[in-house]
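Please look over the sequence and the structure shown below.

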Amino acid sequence: MRILKITAYIAAALVVFWLIAATLISGDCRFEKSTAIKAPVEKVWQNTNTLRAMDSWSPWQEKDPNVKKVWSGSTGQSGEQQCWEGNDAVGKGCIKVLKVDSVAKRIDIEMKFLTPYESEAMEYIIVQPNGSGSNVIWRFTSEIPFPFSPMKLFMDLEDQVGPDFTSGLQKLKVLSEER
């Protein structure tokens, strides 16, 4: 009986510790990759300013070539949306364009994942001049909800999404640098 009581106290202490940590640790997550591309800003922008254009260099496309996609909204406009359903590697969800800024060469996208787990994130792609070429910044932000924010301490976003971002940016580079 004494062991059971000690175990209960330890479990309660761990729960209290976790909840305190969850209160103190921000759930904000941010990940960003960039690359230089030897192509004019306008050419790179044409490969990033719509969901359909981005689909041509998406790193997730090759993870499930048979993914089912449904498109809606006007291409390259706020409201353009792509919903997908695929294998376990790509899951199920929707991405929606919130804003296209042709002057700043920035597209803001809302992502909603339904499987393998529900979550939401924002994605931004920015194309900037870099000498005679371009620099592309690909960023996402998300928030781990309370009380799960301490999980952030055990996550390595570079390991989780870094290879996909690197692959996508490399494909964008090759596509944009083609003559």
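Is C29 buried or exposed? C29 is buried, with a relative accessible area of 10%, where buried means under 20% relative accessible area, exposed over 50%, and partly exposed in between, with a 1.4 Å probe and protein chains only.

This is a predicted model, in which local features need pLDDT of at least 70 and side-chain atom pairs count only at pLDDT 80 or more, while totals for chains, interfaces and linings use all residues. Residues are numbered from 1 along each chain as its sequence is written, and side-chain values use heavy atoms, with hydrogens and water left out.

| Residue | Relative accessible area | Class |
|---|---|---|
| C94 | 21% | partly exposed |
| D108 | 12% | buried |
| M155 | 30% | partly exposed |

A search of the whole structure finds 1 disulfide, a disulfide being a pair of cysteine sulfur atoms within 2.5 Å. The bond joins C83 to C94, with an S to S distance of 2.0 Å. C83 belongs to strand β3 (residues 81-85) and C94 to strand β4 (residues 92-101), so the pair ties together parts that are 11 residues apart in sequence; strands are DSSP runs of E, at least two residues, and helices runs of H or I, at least four, numbered from the N terminus. The torsion about the S-S bond is about 105 degrees, so the disulfide is right-handed.

D108 lies in strand β5 (residues 106-115). Leaving aside residues up to four places away in sequence, D108 touches K96, V97, L98, K99, E123 and Y124, contact meaning heavy atoms within 4.5 Å.

M155 is located in the loop between β7 (133-143) and α4 (157-160).
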